[in-house]
Amino acid sequence: MWTDGACKGNPGVGGWGVLMRYGDHEKELFGGDALTTNNRMELTAVIEGLRALTRPSRVELHVDSSYVMNGIQKWLPGWKRNGWRTADKKPVKNVELWKELDAELARHSVTWTWVKGHSGDPGNERADQLANKGVLSVGNA
């Protein structure tokens with residue numbers, strides 16, 4: 001699975017995209033929001049991709065978002081331990097999305113792979129195209 005988010009302005013009109021591949025099968029998902037941020041769209045892409053899986057699955061998830069990778073690999077356990085507060089006791093930004101992602105992660109076995117955006121990874125490039133399609137789907141982009 002490859003996911004990506006896009007935002008025209010930050011905040012602004014945003015979109016998210018997901019490319020799912022299993023053997024010879026592919027599925028593409030995208031959507032958008034009229035007023036959002038890039039980080040929210042990156043998180044939404046991952047959530048929507050995992051949510052689309054109809055049963056618990058093993059997933060190799062490719063993201064180009066340092067925000068998502070840091071959240072998963074560094075920050076999430078502490079946030080949960082601290083009642084969804086940061087190390088300096090401030091509320092976690094985008095907490096409702098992080099909670100949704102945490103719930104989806106409980107359903108699946110996910111291996112996280114960071115890819116450099118716009119570097120020629122075909123899956124990431126397609127997820128980026130889908131995220132931009134999501135921006136356009138909002139209608140006022």
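Is Thr-44 buried or exposed? In this predicted model, Thr-44 is buried, with a relative accessible area of 13%, a value that falls under the 20% cut-off for buried residues.

**View 1. Thr-44 in its helix.** Thr-44 is found in helix H1, which covers residues 38–51. Its side chain reaches back to the backbone oxygen of Arg-40, at 2.7 Å.

**View 2. The surroundings of Thr-44 beyond its sequence neighbours.** When the neighbours within four places in sequence are left aside, Thr-44 is in contact with Trp-16 and Leu-97. The residue shown with these two partners is buried, its relative accessible area being 13%.

**View 3. The fold of the chain.** Four helices and five strands make up the secondary structure elements of the chain, and along the sequence they follow the pattern β-β-β-α-β-α-α-β-α. The radius of gyration is 15 Å, close to the 14 Å that the globule rule gives for 141 residues, so the chain is as compact as a globular protein of that length. Taken along the principal axes, the C-alpha atoms fill a box of roughly 40 × 35 × 30 Å.

View 4. Of the 141 residues in the chain, 46% are buried. Among contacts between residues at least 6 apart in sequence, 66% join residues at least 24 apart.

**View 5. Surface and charge.** The accessible surface of the chain comes to about 7600 Å², and carbon and sulfur atoms account for 50% of that area. The chain carries 19 positive and 17 negative side chains, with the centres of the two sets lying 7 Å apart.

Technical notes: Residues numbered from 1 in each chain as written. Predicted model: local features only at pLDDT ≥ 70, side-chain atom pairs only at ≥ 80, totals over all residues. Heavy atoms only, no water. Helix = DSSP H or I, 4+ residues; strand = E, 2+ residues; numbered from the N terminus. Buried < 20%, exposed > 50% of the residue type's maximum accessible area, 1.4 Å probe, protein only. Polar contact = N/O pair within 3.5 Å; in protein donor to acceptor, adjacent residues only side chain to side chain. Contact = heavy atoms within 4.5 Å. Rg over C-alpha atoms; globule rule 2.2 N^0.38 Å. Areas by Shrake-Rupley, 256 points an atom, 1.4 Å probe, with all protein chains shown as cover. Lys, Arg positive; Asp, Glu negative; His and termini not counted. Charge placed at Lys NZ, Arg CZ, Asp CG, Glu CD.
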